[in-house]
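Here are some friendly notes to read alongside the model. Take them one at a time, with the structure open beside you.

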Amino acid sequence: MLFLGCIKEVSDYELVISLPNGLTGFVPVTQISEAYSKMLSKEVAEGEFLEDLHSLSDMYSPGTLVRCIVTSAEKNADGRRSIKLSIDPKKVNKGLKSSALASGMLLSGFVSSVEDHGYLIDIGVNGTHAFLPHQKAQKRGSDLKVGQNLSCVIVEVKNEGRVVRVSVDRTEVAASLATREQNWTLSNLLPGLVVKAQVQKVAPHGIVLTFLSSFTGIVDIIHTDPEKSMSYSPDQVVKACILSVHPTSKVVRLTLRQSFLHPGGSPNQLSSERMGAVVEEATVKAFYKQFGAIFELDDGSLAFAWLKHLSKTRKSLKPGTFREGCKHRCRIIDYSPMDEMSIVSLKYHIIEARILQYQDIHVGDVVQGKVFALKPIGMQVKVADGIKGLVPTLHLADVILKQPEKKFNIGDELKCRVLECNPAGKKLILTLKKTLLQSKLPVLSCYEDAKPGLVTHGFVVCAREFGCIVKFYNDVKGLVPKNELSSEPVSCPEKVFYEGQVVKVMVLKCEPQQERLLLSFRLPDKPTPEECTSKTKQKVKYQIGEIVDVKVLKKKDNGLEVSILDDEGNVTAFIPTVHLSDFVANCKLLWHCLQEGDVLPRVMCLSDKEERIILSRKSAVISAVQDEQVVRSFSEIQPGMLLTGYVRNVMPFGVFVEFPFGVRGLAPKVSMSDKFVTDTKDHFVVGQTVIAKVMSIDEEKQRVLLNLKVSECSSGDSAAESFALLSQYFKELKEIRNLLRRRDDSSVARGLCELVPGKELQLVVQDVKEDGSALFSGSCVTGLTVTATRYHLGDKSVVPGEKTKALVLHVDALTSKVYVSLREELL
């Protein structure tokens, strides 16, 4: 398929191309042109740089329009469709024959060689030699390079098309128009041609045009001229540009936007300030159930949201909320130059995300990532959609790991610190070294910041007889001479220091222009100002188990940032979402309902060893600490103990459980449940409160083996324990309902608050699904989705329209879903 595309990004090895309809394609460096590929092969074979071989960034720039052809379209490892393209004229213009060439034709070509009087241009037509005289090339204002893409107009045709003379004069190119006399056919029609067309039909979602006498094409609604979109009428004559040509279906799509009606121009670009911006009220202009929706943003520009970005899941998508005129909150996540339209997302986690693009990441930032590949060079980590980073093998831990696959698993979530970030090259280098992660010292990321006396952390990359080379952030590095390695003489530095070792150093001297940095391991006795500040902050200490009242300062993706009221709000702390309740479902509900300024009483200090104080609101954990049913160190653990803790990590081989005061243990797969365990993730989730029984301890390796089987972890009165847990669950649900009632006056919110498990309802059967479940409606559940699974219909055979009694089993406030039962034994 042939496309007109716009260069979006240029790297050393590929061009990123914006295609119509929000698509993106990639042109590998080997698909530029035949002449350029030969030069690349020659450079590789000779092992030397060729002077006349220019990089892609020297020849191409973002915003340039190019003709391209699809070479492959397949899904890559992360499930995204990857469209590979070529701009080689031999492939793009393969439908053209030398006998079909005519004056005035607009073609794409490449400089294949530089001659005395001009340039030989490869236009990809067999048996044809194209020549560009110097006088026609000079009007571009710069020398042309081998491999450079050109839009050129045929000025003269000789010898039945075997020799043609072309021009790249911007005025001539911009004025070119495809005409009937040039004898274009469906087999050689090219994108990028500007034609005179006649409106044949105006439809709600586009326009049908006829052009060049016998051709018919379609203009999508987004490619009409915004200033004339309401004034098109049948038989009207317009100028249009061909965007794409499908080789088999022969469907031709065009655009009426002004930016494309003058060949050689470039489409409008999005202001860098708008990228990532949150739009509070975007108005729906059109909804396509198979693709997505078009919105009008607050500045009057148009935006498109793919179907997957309209809701959390496809099942939760409600088409009724995307009627024309409806307003939604969204965030600009990309821009399609070919559609001159922003790409937006309505997903909450994307709207609230701190990181959306590489430009949002700064050197020294601590970011959350998920492991998705382990390779010989290191570990690849996904930081956000479309953003991946590499943790080099040297940075997987404070020491070199010989078998990292034993410590890390695909899907593990980790905190990493950014060592290098290059948005232009989409390069992100991270570190997992604990000392660097927790360092409070200044981040040294440029030579200009290396002032004499500065103390900071770095890592050794080389230890030799002359001393050590220490590296910092952004590839900044310096030398520690042998006499500055220690106050005592060091005869063999390579035996004392090792590659990857994290060290604290002081800057002695720096010459930024020469990028020379002299360092010392001999630190001053008095603490640095940064250390003094850090110690001052830590004066306010809270003991583990201490109960405090807090006020919510800020909601974050993974928890709540709070201030401790006992210290008049001067001390901040953090409550992870999983520590808002003993019940995982309630954790999400509470996070959703709580807002800035809310006060949470009786929250317990869980840890103060990290960068900030960590608090917990888990009642079972708080009770265990207050009743002294805890162990404060490994030495206190005894086999047979029952301890209350929470799941720290779920691995394929078992579950790691953490207890107050930092003691951890492992429950192997065989000891996790009374049932047979196939997949550990089906039984436990991170943050879940558990009661564990100590099976055995290994004092030498400081290991604790646990048992999580319910039959083994009961203290005796299981009925009383279950009743207490159930009471706590309903108590928290009541608290959530009260929060919902205060926050939201809508009828849906009031309905959710009034519905409690055990309440009897009068409902009407709305629909019976293929899986046997049923949907209900009623005045008491307006705006809610009420469902009964086939197991809770009992022996009843329900039909739509039938009235029935039902018992509330569960209410999900986040999704506004109510689950009921019609079983007679429960009613």
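1. Let's begin with residues 364-433: this span is 0% helix and 54% strand, and its end C-alpha atoms are 13 Å apart. Helices (H or I, at least four residues) and strands (E, at least two) are DSSP runs, numbered from the N terminus. For residues 453-522, the figures are 6% helix and 50% strand, with the end C-alpha atoms 11 Å apart.

2. A word on what you are looking at. This is a predicted model, in which local features need pLDDT of at least 70 and side-chain atom pairs count only at pLDDT 80 or more, while totals for chains, interfaces and linings use all residues. Residues are numbered from 1 along each chain as its sequence is written, and side-chain values use heavy atoms, with hydrogens and water left out.

3. Both spans in the opening point come from a record. An unreviewed UniProt entry lists "domain: S1 motif" for residues 1-88, 104-169, 192-257, 364-433, 453-522, 545-618 and 640-709. Such annotations may be inferred rather than shown by experiment.

4. Next, look inside. The largest nonpolar core has 48 residues, and Trp184, Leu189, Leu209 and Phe211 touch the most other members. A nonpolar core is a set of buried Ala, Val, Leu, Ile, Met, Phe, Trp, Tyr and Cys residues joined through side-chain atoms within 4.5 Å. Buried means under 20% relative accessible area, exposed over 50%, and partly exposed in between (1.4 Å probe, protein chains only).

5. Which residues does leucine 209 contact (heavy atoms within 4.5 Å), beyond its neighbours within four places in sequence? Among them are Ala197, Val199, Phe215, Val219, Val238, Leu254 and Leu256.

6. Glutamine 31 lies in the loop between strand S3 (24-28) and helix H1 (34-46). Its relative accessibility is 19%, so glutamine 31 counts as buried. Leaving out residues up to four places away in sequence, glutamine 31 touches Leu85, Ser86, Ile87, Asp88 and Lys91.

7. Now the rings. There are 6 aromatic pairs in the structure. Phenylalanine 304 and tryptophan 306 have ring centres 5.0 Å apart and planes at 90 degrees, so this pair is edge-to-face. Rings of Phe, Tyr and Trp (its six-membered ring) pair if their centres lie within 6.5 Å; planes under 30 degrees apart count as stacked, over 60 as edge-to-face and the rest as tilted. Phenylalanine 304 is buried at 12%, whereas tryptophan 306 is partly exposed at 26%.

Notes
Contact = heavy atoms within 4.5 Å.
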